[in-house]
Amino acid sequence: MRSIQFAIAGIGIAVFILLQCVFMVDQTERAIVLQLGKPVGNADYEPGLHFKLPFVQNVIFFDSRVLEYDAPAAEILTQDKKNMVVDNFSRWRIVNPLVFYQTVRNVQGGLSRIDDIVYSQLRESLGRYTLTEIVAVERSTIMDEVTTKANVLLGEYGIHIIDVRIKRTDLPQENQLAIYGRMKAERERQAKQYRSEGREEATKITTLADRQRAVILADARRAAEAARGEGEAAATAVYAQALSQDPDFYEFVRTMDAYKKTMKDQTQFVLTPQSEFFKYLQ
């Protein structure tokens, strides 16, 4: 019975030691082996089953997938001396786990180096372009340039930058207020200009209308005077013809018209009985 117990204990110890000697690297990972805190060999371990010395060696695993680092928004000065807040992100991966461990130790250390280097390259590249070029024209070129330069600097840390992209560009709060003030002033200036041009156009239209009205009235008065003159000429001709036919009758009719116009509304006259005006009343 005791021998069976020793056998079981021995098998358990052997299994435990065996488990300490083997380790599994997943498809999404890479690994390095440390012995007393120092890396063993110069190669990293790819996915699969591997062996190590028990108790004196331990394994550190690193994610081999594409990782993403969302950098905090930072303020950058452009070539035309405009401050802008840039929010960028980077996609990266660990290509040399051994170098990565020797230089930055862990992912947090790697992110710290990525943040410093990408930000410095981004600030340098954006500083060579104007605000308009960054926002509308040269963004893709700038991103390719930053990615290339960052890869050169991060290669010594076992890091490869796949892509650097700007998510958003914005203006600092104080700049936004200043730009809003300038935009408001510009809109007010344009509104005043439009109102001034409108008043000028209205004055032109009113002046033209007044001139046309004066011309029309003058033409109408001239036509009226011409018609009146023609009428008076015709009347004079008629009167002259009537006078030539019977002057006495014409005088009588004209005198009767004068009586009709003057002797109404209780009109009073002070005349002598011998007045020529009353000769037909005598």
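Residues are numbered from 1 along each chain as its sequence is written, and side-chain values use heavy atoms, with hydrogens and water left out. Because the model is predicted, local features need pLDDT of at least 70 and side-chain atom pairs count only at pLDDT 80 or more, whereas totals for chains, interfaces and linings use all residues.

Let me begin with the domains, whose bounds come from an automatic or database domain assignment: domain 1 covers 1-63, domain 2 covers 67-170 and domain 3 covers 173-203. Taken over C-alpha atoms, the centres of domain 2 and domain 3 are 40 Å apart.

Now to the helices, which, like strands, are DSSP runs numbered from the N terminus (H or I, at least four residues, for helices; E, at least two, for strands). The axes of α3 (residues 107-126) and α5 (residues 139-154) come within 9 Å and cross at roughly 140°, where axes are lines fitted to C-alpha atoms, for helices over the stretch in contact, and angles run from 0 to 180 degrees between N-to-C directions. The two helices are therefore oblique to each other, given that angles under 35 degrees count as roughly parallel, over 145 as roughly antiparallel, 65 to 115 as roughly perpendicular and the rest as oblique.

Turning to salt bridges, meaning a side-chain nitrogen of Lys or Arg within 4 Å of a carboxyl oxygen of Asp or Glu, the count by this rule comes to 15. One of them joins E145 and R128, with the closest N and O atoms 1.8 Å apart; E145 is in helix α5, while R128 is in the loop between α3 and α4 (131-137), 17 residues apart.

Finally, R30 lies in strand β2 (residues 29-35), and the C-alpha atoms of R30 and L98 are separated by 9.6 Å.
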